Amino acid sequence: MSKLVFFVTVLGLIAKGYSLPNPNVRIVGGQDAPEGRVPYQVSLRVFGSHFCGGSILNKRWVLTAAHCTESTAHWLISVVVGTSSLSKGGVRYSVDLVSVHENYDNQVITQDISLIRVSKNIVFNGLVQPIALPDSDTEAGAPLFLSGWGRIAYPGNLPDHLQMINLTALSVQDCQERLSSINPVFESQICSLTQAGEGACHGDSGGPLVEGGRVVGVVSWGMPCARGYPDVYTRVYHYTAWIHERISTDE
């Protein structure tokens with residue numbers, strides 16, 4: 001089976017995304033997230049259109065995927081926080097810096113992690129809160145929580161309302177075996193799979209995978225969408241030192 005790569009194009013600007021690697025994946029088989037249920041979730045937008053997700057780490061920094069930001073000038077990106085709707089509500093922040101992992105490889109999709117610095121402090125309240133980084137690694141069988149505005153079916157449109165779903169972590173070995181004919185899977189990645197009909201899709205790219213109230217994964221790539229193959233995420237625990245080195249001066 002050949003790899004499938006998804007692209008999101010906005011006026012000629014291309015952001016690689018979910019699926020084999022594609023940043024724009026939407027949750028399939030999920031449900032509407034209540035307002036305020038995911039206060040760390042952000043929507044990344046270009047010219048007002050959602051193209052990727054992300055998560056708030058502190059008052060200035062947002063975590064997302066490298067494939068979401070590598071090809072787009074920072075001044076074109078805006079970060080919207082504090083809403084579960086793409087069409088209304090929320091607060092918009094401009095971006096003054098994007099830090100893509102220096103070893104990001106868009107061929108096999110590794111080191112797929114990026115940081116975005118907004119131009120002024122994010123105001124925290126009941127609908128807007130940061131999420132902590134992991135203090136331990138994620139094991140096979142761990143319960144996971146995914147949220148995002150990715151498509152609910154492929155092909156299909158992005159939902160207006162933020163979706164959420166509970167998933168289960170796979171071992172890296174199991175994931176490697178299931179995806180061996182499609183693309184390599186590495187120890188620096190987490191995989192999830194419950195059943196066909198549940199998982200990430202185009203539009204979810206860059207969004208948060210959470211375990212125990214901490215962001216442990218960043219939506220990276222997969223086979224579109226929810227067809228019984230694992231979804232692959234950047235393993236945040238593997239990159240905590242890299243993240244702290246870049247965001248510590250603004251915490």
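## Disulfides in this predicted model

Welcome! Cysteine 175 counts as buried, because its relative accessibility is 0%, where buried means under 20% relative accessible area, exposed over 50% and partly exposed in between (1.4 Å probe, protein chains only). This is a predicted model: local features need pLDDT of at least 70, side-chain atom pairs count only at pLDDT 80 or more, and totals for chains, interfaces and linings use all residues. Residues are numbered from 1 along each chain as its sequence is written, and side-chain values use heavy atoms, with hydrogens and water left out. The structure holds two disulfides, a disulfide being a pair of cysteine sulfur atoms within 2.5 Å.

**Cysteine 175 and cysteine 191**

- A disulfide joins these residues, cysteine 175 and cysteine 191, with an S to S distance of 2.0 Å.
- Cysteine 175 lies in helix H2 (residues 172–178) and cysteine 191 in strand E12 (residues 189–192), so the pair ties together parts 16 residues apart in sequence; helices (H or I, at least four residues) and strands (E, at least two) are DSSP runs, numbered from the N terminus.
- The link of cysteine 175 and cysteine 191 is left-handed, with -75 degrees about the S-S bond.
- Cysteine 191 counts as buried, at 2% relative accessibility.

**Cysteine 52 and cysteine 68**

- The sulfur atoms of cysteine 52 and cysteine 68 are 2.1 Å apart and form a disulfide.
- Cysteine 52 sits in strand E5 (residues 49–56) and cysteine 68 in helix H1 (residues 66–69), so this pair ties together parts that are 16 residues apart in sequence.
- The torsion about the S-S bond of cysteine 52 and cysteine 68 is about -85 degrees, so this disulfide is left-handed.
- Cysteine 52 is buried at 0% relative accessibility, and cysteine 68 is buried with a relative accessible area of 1%.
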